[in-house]
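Colleague: I am new to this one. Please show me the model, and I will ask as I go.

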Amino acid sequence: MKIALFGYGKMGKMIEGIATKRGHEIVARIGKDDNPELNGADVAIDFSIPEAAFSNITHCFENNTPVVSGTTGWLEKYSDAIEACKKNKGAFIYASNFSLGVNLFFELNKKLAAMMASTPSYEARMEEIHHIHKLDAPSGTAITLAEGIIENSAYSSWKLGESKENEVSITSKRTGEVPGTHTITWESQVDRIDITHTAHNREGFGLGAVIAAEWLKDKEGVFSMKDVLNL
Ligand SMILES: NC(=O)C1=CN([C@@H]2O[C@H](COP(=O)(O)OP(=O)(O)OC[C@H]3O[C@@H](n4cnc5c(N)ncnc54)[C@H](OP(=O)(O)O)[C@@H]3O)[C@@H](O)[C@H]2O)C=CC1
Ligand SMILES: O=C(O)C1=N[C@H](C(=O)O)C[C@H](O)C1
């Protein structure tokens, strides 16, 4: 399969290594000032920056190329991207986190939140820790986790920092080169439950993105990692 990469930073390079080992060919590496020439790619993978993701993604729709995006911090334009995908009969997967472990963790989080819905003595909060280079906060993964809690319990929104009643408080920490750690805490007067996902490196994200691209290649529509992993 021929792959075009939007963003050739930490994730772009990780994906290049994984995709090449799986027998794919990288036909374009598109950075900030490059002409977005897709060079006949079967699929594009975007791990760029929040300001560029929407235009990279819609460029793919306009050029009839399925696109997988892992860029976070641009979700205010997600519904416009969906509309553009449908208008162009394109194919699209966005995931805040492509790793198998985090996608299992998303499901565990939803189940725990649903159990807690009838247990009002517990309050939820979240902490995410990432490397100092990260541009967005809270992380996309933390937002997906908060949405999972909101859909399945009495919480109605999330807030970065201190929260009011019915808001899930998210604390974002930036330190060293941490690849990504997410902890959800449910605490009562008498005890506390923590569930944590810790990424040891970026490989899981990269592998998940390549698997998503292989899966999306000949499809049309808007999908998620739940579809890819059959969860
Ligand atoms: N969904 C997931 O599983 C994961 C998502 N991410 C997300 O992916 C994104 C990238 O992460 P990461 O690789 O670590 O970040 P990096 O900063 O290492 O890489 C981003 C790259 O995008 C390039 N870039 C800037 N502008 C454009 C543009 N207009 N078009 C294409 N590329 C551009 C940058 O180039 P330059 O440096 O020259 O500006 C840089 O090389 C982030 O949003 C991050 O949150 C990260 C890991 C996993
Ligand atoms: O920027 C990162 O590095 C990561 N970003 C994603 C996010 O915002 O959730 C996924 C992962 O945590 C690494």
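Colleague: Which residues are around ligand 2?

Modeller: This is a predicted model, where local features need pLDDT of at least 70, side-chain atom pairs count only at pLDDT 80 or more, and totals for chains, interfaces and linings use all residues. Residues are numbered from 1 along each chain as its sequence is written, while chains are lettered from A and ligands numbered from 1 in the order in which they are written. A residue counts as near if its C-beta atom, placed from the backbone, lies within 6 Å. Around ligand 2 these are Thr72, Ser96, Asn97, His130, Lys134, Ser139, Gly140, Thr141 and Gly180.

Colleague: How many residues of that shell are polar?

Modeller: Asp, Glu, Lys and Arg count as charged; Ala, Val, Leu, Ile, Met, Phe, Trp, Tyr, Cys and Pro as nonpolar; the others, Gly among them, as polar. The shell around ligand 2 has no nonpolar residue and one charged. The polar ones number eight.

Colleague: Which strands stand at the edges of the six-stranded sheet?

Modeller: Strands are DSSP runs (E, at least two residues), and two pair if DSSP finds at least two bridges between them. The open sheet runs 2-1-3-4-5-11, with parallel pairing. Each edge strand has a single partner, so one side is left without a neighbour in the sheet: these are strand 2 (25–30) and strand 11 (221–223).

Colleague: Which residue of strand 2 stands opposite lysine 2?

Modeller: Strand 1 (residues 2–6) pairs with strand 2 in the parallel sense over five bridges. Opposite lysine 2 stands glutamate 25.

Key:
Helix = DSSP H or I, 4+ residues; strand = E, 2+ residues; numbered from the N terminus.
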